[in-house]
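Dear colleague,

Please find below the structure for your review. My notes on the ligand surroundings and the backbone follow it.

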Amino acid sequence: MELFELAAADPAVRFSPNCWRTRLALDHKQLPYDTIAWHFTEKDRIARSGQGKVPVLVDGDAVIHDSWVIACHLEDRHPDRPSLFGPGSGRALARFVNQWVSEVVHPALSRVLVPDIAELVAACDRDYFRSSREAALGTSLDALRSQRDAAIATLRAVLQPLRSTLQGQTFVSGSTPLYADIVAFAAFQWARICLPGDAALLAADDPLRAWLRRMDDAFPQAAQAPGVRERF
Ligand SMILES: N[C@@H](CCC(=O)N[C@@H](CS)C(=O)NCC(=O)O)C(=O)O
């Protein structure tokens, strides 16, 4: 399998949360794959997926996009490998976590990270990234940068359901980490690669840190990935 992943100016640095979902899902299922560095403006290189975003997974003749669709494909194609969803209603409940992270956590986190991502992206992506993100967020990157502390406070409040859940159980999925944990953790991968060292995403005593340490232990290759600044 080949995984097209968003890359920074340093092609070894892979910062996209949606790509981290797929990479961690492949690792969880213990499936071998190659990763291919891709930049925002290289739409032609993933045109055969019929759209312009990553992750894109090439699995034999299949060219699959969207991290959720890829997770379902891996689960259905490799039922003999460790499950991403667990039995019963696991897939349906993981879908809710997927949508909550995509539609609530990512927008809050992007208001923290986007000005810093603009510094990380490859030269070919710089103008595209700035103009597309300023249009999407309705504000300039400079204005966002000046509001970072407030954006971090908002993000910490948004994370409260995750925090209170994890104060009562080891993982989002129960006693072992499954895809719901991967989706939430992938957002923290994005943050710890993009956020400069002078800013703390979480308070020092945030109980989420204990779960993040457990995720680092479960996925050591994520903790050690190029560009990761903060170890949990
Ligand atoms: N729903 C998609 C979202 C994919 C997505 O937004 N990917 C971003 C990187 S995290 C991207 O490729 N953006 C390209 C662009 O904005 O031009 C998924 O979960 O895979």
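**Backbone and ligand shell**

P55 lies in the loop between β2 (34-38) and β3 (56-59); helices (H or I, at least four residues) and strands (E, at least two) are DSSP runs, numbered from the N terminus. The model is predicted, so local features need pLDDT of at least 70 and side-chain atom pairs count only at pLDDT 80 or more, whereas totals for chains, interfaces and linings use all residues. Residues are numbered from 1 along each chain as its sequence is written.

The peptide bond from V54 to P55 is cis, with omega near 10 degrees. Most peptide bonds are trans, and most residues other than glycine have a negative phi.

Both V54 and P55 are among the residues around the ligand, which also include L6, F40, K53, D66 and W68; a residue is near a molecule if its C-beta atom, placed from the backbone, lies within 6 Å of it. Two elements, α1 (17-28) and α2 (67-77), each give two or more residues to this shell.

D66 is in the loop between β4 (62-65) and α2, and has a positive phi of about 85 degrees although it is not a glycine. D66 is partly exposed, because 18 other C-beta atoms lie within 10 Å; buried requires 20 or more such atoms, exposed 12 or fewer, and partly exposed falls in between, with C-beta atoms placed from the backbone.

Q30, in the loop between α1 and β2, also has a positive phi, near 55 degrees. Q30 counts as exposed because it has 9 C-beta neighbours inside 10 Å.

Yours sincerely
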